[in-house]
Amino acid sequence: MVAPPDNDVLWARALHVTHNGSPALTGVSLGVREGEILAVTGPRGSGKTTLLRCLSGQLLPERGEVWFNSTPVHTMGPLVRERLRRDRFGWIDPEPHLVPELTAWENVALPLMLRGEGHRVAKTAAKEWLDRLDIGDCARKRPHALLQAQRQRIAIARSLVTMPSVIFADEPTAPLHRADRAHVLRTLTTAARSHSITVVLATHDTEIAALADRTVTLLDGRRVNTVHLPGAGGLAAADTDVPGAATGASDPSDSEGRAACSLSV
């Protein structure tokens, strides 16, 4: 087992996962720096969700290593990984999974209250995030009374309210209209940058990926390229995996001797 670089908040080496006998990830390696917004792109079924689940400790790879802040996630027991996800990670699904009996602000405040925060502190923080996402007027409504786009904003607010170290966002704007997507993503990326939150964003939408600092592309469970996206947007360069090439966030070589190419940000 090789220790990851000190400047990577997340580091994965040679991840191998199969689903029903078919490869979902094959030798995927990458490193993500603190405060970086990384887009994981590729067509549906390319392994994006599987990679996010491995990085967040939801799924243990059959082979390979996952590290968070120089701590091996792949050797943790279930309870330790659950505590890690609760205390340090946020997760956004393509579809909002809210507690139907709770109001909007209660759904957002739930992670804080599970961590022992007082009712008043949790409620204030929840309402602040609902206001930032332009749904403050929905604070007292329950999910059944809200539109799908409103429910998704609540789920995004819930992921941000604890100020996690890393947010994993799996197609977070899938149920939103185009105008809503732009606003929600601006809020997410602005919050991440202002609080040095690392974001790993899975998407097949190139416009969404353009908001990231760097892009990693998967195809059939393999990493095929990375793209440097400057602050102004647009693609600066693209490259296929090249043995021995690595700058910017570190990208460990996989077990077959390949090294994922990473272009500096």
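Predicted model: local features only at pLDDT ≥ 70, side-chain atom pairs only at ≥ 80, totals over all residues.

A disulfide would be a covalent bond between the sulfur atoms of two cysteines. Select cysteine 54. Is it buried or exposed? Cysteine 54 counts as buried because its relative accessibility is 1%, under the 20% cut-off. Now select cysteine 138. This residue is buried as well, with a relative accessible area of 2%.

## The whole chain

Zoom out and show the chain as a cartoon. Look for seven helices and 11 strands. The chain has 265 residues, and buried residues make up 51% of them. Contacts tell you how the chain folds back on itself. Take those with a separation of 6 or more: 66% of them join residues 24 or more positions apart.

## An open sheet

Next, colour the strands. In which order do the four strands of the open sheet lie? The order is 2-1-4-5, and the pairing is antiparallel. Strands of a sheet pair through backbone hydrogen bonds. Find the edges: strand 2 (22-33) and strand 5 (71-72) each pair on one side only.

Select residues 8-19, which form strand 1. How many of its 12 residues are buried? Nine are, so strand 1 is mostly covered.

Then follow the chain to the hairpin of strands 1 and 2, where two residues sit between the strands. Select asparagine 20 there. Its phi is positive, near 50°.

Turn to strand 4, residues 63-68. It runs antiparallel to strand 1, and five bridges join the two. Select tryptophan 11 and you can find its bridge partner, tryptophan 67, in strand 4. Arginine 13 also has a bridge partner in strand 4: glutamate 65.

## Aromatic rings

Show the side chains now. The structure holds three aromatic pairs. Select phenylalanine 68 and phenylalanine 89. Their rings are edge-to-face, 5.0 Å centre to centre, with 85° between the planes. This pair links distant parts of the chain: phenylalanine 68 is in strand 4, phenylalanine 89 is in strand 6 (residues 89-92), and 21 residues separate them. Both phenylalanine 68 and phenylalanine 89 are buried.

Tryptophan 91 belongs to strand 6 and phenylalanine 168 to strand 7 (residues 166-170), 77 residues apart.

Compare their cover. Tryptophan 91 is partly exposed, with a relative accessible area of 22%. Phenylalanine 168 counts as buried, at 0% relative accessibility. Keep the four residues selected: ring pairs link Phe68, Phe89, Trp91 and Phe168 into a cluster.

## Last stop

Select tryptophan 129 and arginine 132. Where does arginine 132 lie? It is over the face of tryptophan 129, at 4.2 Å from the ring centre.

Definitions and conventions
Residues numbered from 1 in each chain as written. Heavy atoms only, no water. Buried < 20%, exposed > 50% of the residue type's maximum accessible area, 1.4 Å probe, protein only. Contact = heavy atoms within 4.5 Å. Pairing = 2+ DSSP bridges. Phe/Tyr/Trp six-rings, centres within 6.5 Å; stacked < 30°, edge-to-face > 60°. Lys NZ or Arg CZ within 6 Å of the ring centre and 35° of its normal.
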